[in-house]
Amino acid sequence: MVYIEGNSKKVNFPKTSNDKFNRIVFENQTTHVVIELTVITNSSVSDLLYTIDISSIIDRFETGQYNYSFMDGDIVV
């Protein structure tokens, strides 16, 4: 789980077993609205976390809970 505030610019995500991904897909658990973020670069703050800049899409989030998936093309990693 990650916590995103309305003024978030970067968010830390737990690392996956596969470091190769090119986008993150967020889906609101209530409305099922999908928000996609193309990830050009990700930076690691530790061996356990990715730091992703979400400033380009933060205004599209409504208050609520979201599922997220790291994607490599059409494959969930």
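Strands here are DSSP runs of E at least two residues long, and helices are DSSP runs of H or I at least four long, both numbered from the N terminus. I am working from a predicted model, in which local features need pLDDT of at least 70 and side-chain atom pairs count only at pLDDT 80 or more, while totals for chains, interfaces and linings use all residues. Residues are numbered from 1 along each chain as its sequence is written, and side-chain values use heavy atoms, with hydrogens and water left out.

**Entry: the chain.** I looked up the elements and found seven strands and zero helices. The radius of gyration, taken over C-alpha atoms, is 12 Å, close to the 11 Å that the globule rule (2.2 Å times the number of residues to the power 0.38) gives for 77 residues, so the chain is as compact as a globular protein of that length. I noted that 30% of the 77 residues are buried, a word that stands for under 20% relative accessible area with a 1.4 Å probe, counting protein chains only.

**Entry: Asn 28.** I then turned to Asn 28, which lies in strand β2, residues 23-28. Is Asn 28 buried or exposed (over 50% relative accessible area)? I read a relative accessible area of 2%, so Asn 28 is buried.

**Entry: its partners.** The side chain of Asn 28 reaches the backbone nitrogen of Thr 31 at 2.9 Å. The side chains of Asn 28 and Tyr 66 are joined by a polar contact of 3.4 Å, that is, a pair of N or O atoms within 3.5 Å, of which, within protein, one must be able to donate a hydrogen and the other to accept it, and residues adjacent in sequence count only if both atoms are side-chain atoms. Leaving aside residues up to four places away in sequence, I found that Asn 28 touches Val 33, Thr 63, Gln 65 and Tyr 66, where contact means heavy atoms within 4.5 Å.
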